[in-house]
Each structure stands twice: as C-alpha cells, then as structure tokens.
Amino acid sequence: VPPRGGGGAAVAERVRSLDLEIPIIWDEGYRVQRTIRAATVPYITVIDPGRIVRIMGAYNLKHKIIGDITLARYLDTALEGGGHPTVSQVPRHYPVTELINEPFIDFTLNSVVENKLLRFSDHIGDGKLTLLIFWSADCGHCKVELPELNEYYRKHRDLLDMVGIVKVPNDAIKQRTTDFINAQKISS
C-alpha cells in the first residue's frame, strides 16, 4: 500500500528501511489487490511450480490453514517435495495472536481532521489503557459503535486513551469520515 503523499520515492525509502531481500512491487491504484480480492493485509497467496494458485488469504506463517497445520509447515512440506494441496478456503486467523503480550508497534499517520502527522506513541498516556480502533465511516456497525465508544471515552478519559484509524483512499471517503466525526462530535 503506498504511503500518503511522496509517491514511488517514499515507497522505495520505506522498503529500503525494512532491509528486505524480496522484490517489492508497488500496486499503485490497488489494481492487483482488487483483482485477487485481498481485503486485508498481510494477504499471502501460494502459487505452485505449475503456476496454479493453491492458497489465498493466509495472514502469516503461524496461520493454521488446514486443521493444526500452519502455513510454515505447509510450505516446509511442499519445499521438501511433499506436495502442495489446494486449500479452497483458508480459515480466518482471528485474533492475530503474534502481537499479544508484545510491545506495541509505533507508527506515524496523518490526522484526518487536522491533516498533520500524528505519532501513535504520543497518544498513549502513562498509566492509561489505550484502545486502538480501526473503523470506517461507510461501515454500518462502526456508525453505531463509534458514538458509543466516544461517549465511554468521555466518561473515562482520565484513565483511558483511544486512537481511531480509518482508511481514506480518496477525497470522497475523507469527506464522509470528516463529516461523521464532526456530526457525532467524536473527540480528537
């Protein structure tokens, strides 16, 4: 996913900073992502040596794709010549347990309302619980839940921090998001 602003040079810099040895292709406009219907990231697809898609929608190497068989075990077996069966439907990997009981991953993103860079760690208060909420102004459930969460936050802001993250790929969605935030008086 390309970062907001900066174009290809910013993507290239981010890739370099990760010190990856794999080729990285920038899917400008999300054409490939839409074609394979990758609704979430990471989204791993396995293609066998005969160029047949065998798995779509694995999230990571620990994802259990067949019973207790993880993607890592599936790949190890395939690489050792044990075949590569098709997995028609990969079970959901929910919740993502690899991050549980680990320090949070810090990040910096643009604020929707103020259009300035915000660092996540700057919004985690000492001694407070923090809720990180991914939502969308186009999600019916989010439209119900966000005002309730906001009200809860207002009552407990001395002990609780909340940070909401939205995906705003275009100006229309950004406007709907801003309108929703303003109409619901979502705290910022």
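**Notebook: salt bridges, cores and surface**

I began with R119, which is partly exposed because its relative accessible area is 41% (buried means under 20%, exposed over 50%, partly exposed in between; 1.4 Å probe, protein chains only). The model is predicted, so I note that local features need pLDDT of at least 70 and side-chain atom pairs pLDDT 80 or more, while totals for chains, interfaces and linings use all residues. Residues are numbered from 1 along each chain as its sequence is written, and side-chain values use heavy atoms, without hydrogens and water.

**Entry 1: salt bridges**

I searched for the partner of R119 and found a salt bridge with D106, in which the closest N and O atoms are 3.5 Å apart (a side-chain nitrogen of Lys or Arg within 4 Å of a carboxyl oxygen of Asp or Glu). R119 belongs to strand β6 and D106 to the loop between α3 and β5, so this pair ties together parts 13 residues apart in sequence. Helices (H or I, at least four residues) and strands (E, at least two) are DSSP runs, numbered from the N terminus. I recorded D106 as partly exposed, because its relative accessibility is 32%.

The search of the whole structure gave 6 salt bridges. I looked up K128 next and found that it pairs with D161, again with 3.5 Å between the closest N and O atoms. This pair links distant parts of the chain, since K128 is in the loop between β6 and β7 and D161 is in strand β8, 33 residues apart. Is D161 buried or exposed? D161 counts as buried, because its relative accessibility is 10%; K128, at 28%, counts as partly exposed.

Helix α5 holds R176 and the loop between β7 and α4 holds D138, so parts 38 residues apart in sequence are tied together. I found R176 partly exposed at 38% and D138 partly exposed at 44%.

**Entry 2: overall layout**

I counted 5 helices and 8 strands in the protein. Along the sequence they follow the pattern α-α-β-β-β-β-α-β-β-β-α-β-α. Of the 188 residues, 23% count as buried. I also checked contacts (heavy atoms within 4.5 Å): among those with a separation of 6 or more, 51% join residues 24 or more positions apart.

**Entry 3: nonpolar cores**

In soluble globular proteins, nonpolar side chains tend to be buried together. I therefore looked for nonpolar cores, which are sets of buried Ala, Val, Leu, Ile, Met, Phe, Trp, Tyr and Cys residues joined through side-chain atoms within 4.5 Å.

The largest core has 16 residues, and those touching the most other members are I133, W135, L146, M162, V166, F180 and I181. Two or more residues come from each of α4, β8 and α5. Which element gives the largest share of this core? It is α4, with 4 residues. Another core, of 8 residues, lies apart from it and includes I55, I65, L71 and Y74.

I then examined L146, which is in contact with W135, F180 and I186, its neighbours within four places in sequence being left aside. T177 of helix α5 is buried, because its relative accessibility is 1%. With neighbours within four places again left aside, I found T177 in contact with V112, W135, A137, V166 and V168.

**Entry 4: loops and backbone**

N60 is in the loop between β2 and β3 and counts as buried, because its relative accessibility is 16%. I saw its side chain reach the backbone nitrogen of K62 at 2.9 Å and the backbone nitrogen of H63, also at 2.9 Å.

R51, in the loop between β1 and β2, has a positive phi of about 70 degrees although it is not a glycine. I recorded R51 as exposed, because its relative accessible area is 75%. K185, in the segment after α5, also has a positive phi, near 50 degrees, without being glycine. At 58% relative accessibility, K185 counts as exposed.

I also checked G29, in the loop between α1 and α2. Its C-alpha atom is separated by 9.4 Å from that of P169, 140 residues apart along the chain.

Terms used. A polar contact is a pair of N or O atoms within 3.5 Å; within protein, one must be able to donate a hydrogen and the other to accept it, and residues adjacent in sequence count only if both atoms are side-chain atoms.
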